[in-house]
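Let's walk through this fold by way of its helix packing. Have a look at the model first, then we'll take the pairs in turn.

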Amino acid sequence: MDDDRERRATELWFRGRGLPSIAGSRTDRLLVRIIPAIALLGAWDLLEVPLELLDGESEEDFGRLMESDALFVGYHLLWFAIILVPVVAAWVAGRWMRSRVVAGDCTPAAVAIISGYAFGTPLLAASLVGYDAIPDVLIGLCVIGILLGLTVIGAGSLFVAALRAAGKQLRSVGSLTTRALPLLLLFTVFGLLTNEVWQMSAAIGTARMWLVVSLFLLVGVLFLVSTGRQELRNHITASPQRVPLRRAERVDMVIVLVLTQLVQALLVAVVMYVFFVLFGLASLKQDLMKTWSGRDLTTGNLFGQQVSVPHELLQVSLFIAAFSALYFITSTVTDALYRPAFFDPFTVEMAISLAERDDYLARCHTPSTTPPDGSATFTASGWSTSTTRTAPPRRSSPGT
């Protein structure tokens with residue numbers, strides 16, 4: 001039993017580092033492992049219900065509701081909560097999930113939580129807002145199926161590893177503020193004050209603006225994939241593995257590096273987006289926005305909910321934020337000013353993962369044969385399937 005707990009703890013550690021291909025069965029305690037994602041989505045859906053109630057049925061209805069100071073403050077506090085609360089809920093659920101996976105099966109509790117998300121939240125929203133809950137229930141079931149599929153292929157582990165690595169960089173917010181943002185603002189602040197940017201943003205519409213943002217994202221991803229592959233080759237050359245990396249493990253490590261950089265760039269984009277929205281509200285009159293955009297201003301919309309900010313300002317801010325994120329991605333790799341603070345820490349994490357994997361497989365690697373007692377063995381391809389799984393004794397936990 002102790003060996004089994006140790007094996008689960010070790011596999012969970014590697015999943016947390018973005019190496020699900022090293023772990024054993026990808027379906028092991030699958031329902032428990034999707035609970036953090038369910039907690040995030042469930043908290044979002046619950047907070048969206050009062051937002052829909054305050055949103056009104058039209059722009060005029062929304063404007064009348066926002067004339068009340070209490071409703072205005074409450075509406076915008078809900079927007080703050082809908083960003084913060086789901087993250088906290090996912091973090092708490094993640095801690096519960098890790099303890100349950102290591103301690104043993106907790107499938108009944110997971111089934112109860114998943115059922116509450118699939119059926120409880122839509123029925124509650126339907127009773128308050130007054131619409132048919134069946135479509136939302138079907139959507140919720142589809143979301144659960146997608147989460148299960150992503151967890152099986154290891155996408156959840158990769159994403160969590162990226163968030164974990166990027167979360168460490170939150171300690172470097174001071175570096176982000178003093179090094180990256182001032183230079184970015186120097187290049188981009190004039191974009192907000194350029195007539196052509198406003199005309200372009202107003203002319204292409206929301207759908208095509210997101211296509212432009214997607215193009216920026218694609219360029220950034222291709223650049224990071226090329227960089228990540230080169231960094232991995234450099235580490236392998238510098239410290240060859242006793243058990244060579246399989247293709248799946250190489251792909252995992254490159255994806256983690258790409259995702260960590262994207263999460264960090266997303267943080268920069270969000271900061272820039274919020275800054276330019278606030279800067280535009282403070283410095284630009286609505287008549288000037290109307291003149292630059294060449295049309296009457298419309299009420300802003302975020303994730304299907306109205307906000308008391310002109311939609312045209314949101315469009316321009318989105319374009320500038322996406323451009324800033326692309327500039328940041330390329331600068332963190334190529335600029336000697338940014339790389340030590342924003343890229344090199346992730347390459348150090350890659351080296352640690354490689355060293356721990358090499359040490360773990362060197363101690364656990366045995367020929368792919370099943371012992372007479374039916375216990376599992378560990379091969380270069382992972383845990384073999386048999387009646388009972390036992391992990392070989394380890395000197396210490398990974399990462400120590």
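Start with helix H10 (residues 195-238) and helix H11 (residues 247-283): their axes come within 9 Å and cross at roughly 130 degrees. Axes here are lines fitted to C-alpha atoms, for helices over the stretch in contact, with angles from 0 to 180 degrees between N-to-C directions. H10 and H11 are therefore oblique to each other, the label for whatever is left once under 35 degrees is called roughly parallel, over 145 roughly antiparallel and 65 to 115 roughly perpendicular.

A word on provenance: this is a predicted model, where local features need pLDDT of at least 70 and side-chain atom pairs count only at pLDDT 80 or more, while totals for chains, interfaces and linings use all residues. Residues are numbered from 1 along each chain as its sequence is written, and side-chain values use heavy atoms, leaving out hydrogens and water.

Who touches whom? On the H10 side, the residues meeting H11 include Leu-217, Val-221 and Leu-224, and their partners in H11 include Met-253, Val-254 and Leu-257. Contact means heavy atoms within 4.5 Å.

Zooming out, the protein has 15 helices and 4 strands, taken as DSSP runs numbered from the N terminus (helices: H or I, at least four residues; strands: E, at least two). Of contacts with a separation of 6 or more, 74% join residues 24 or more positions apart.
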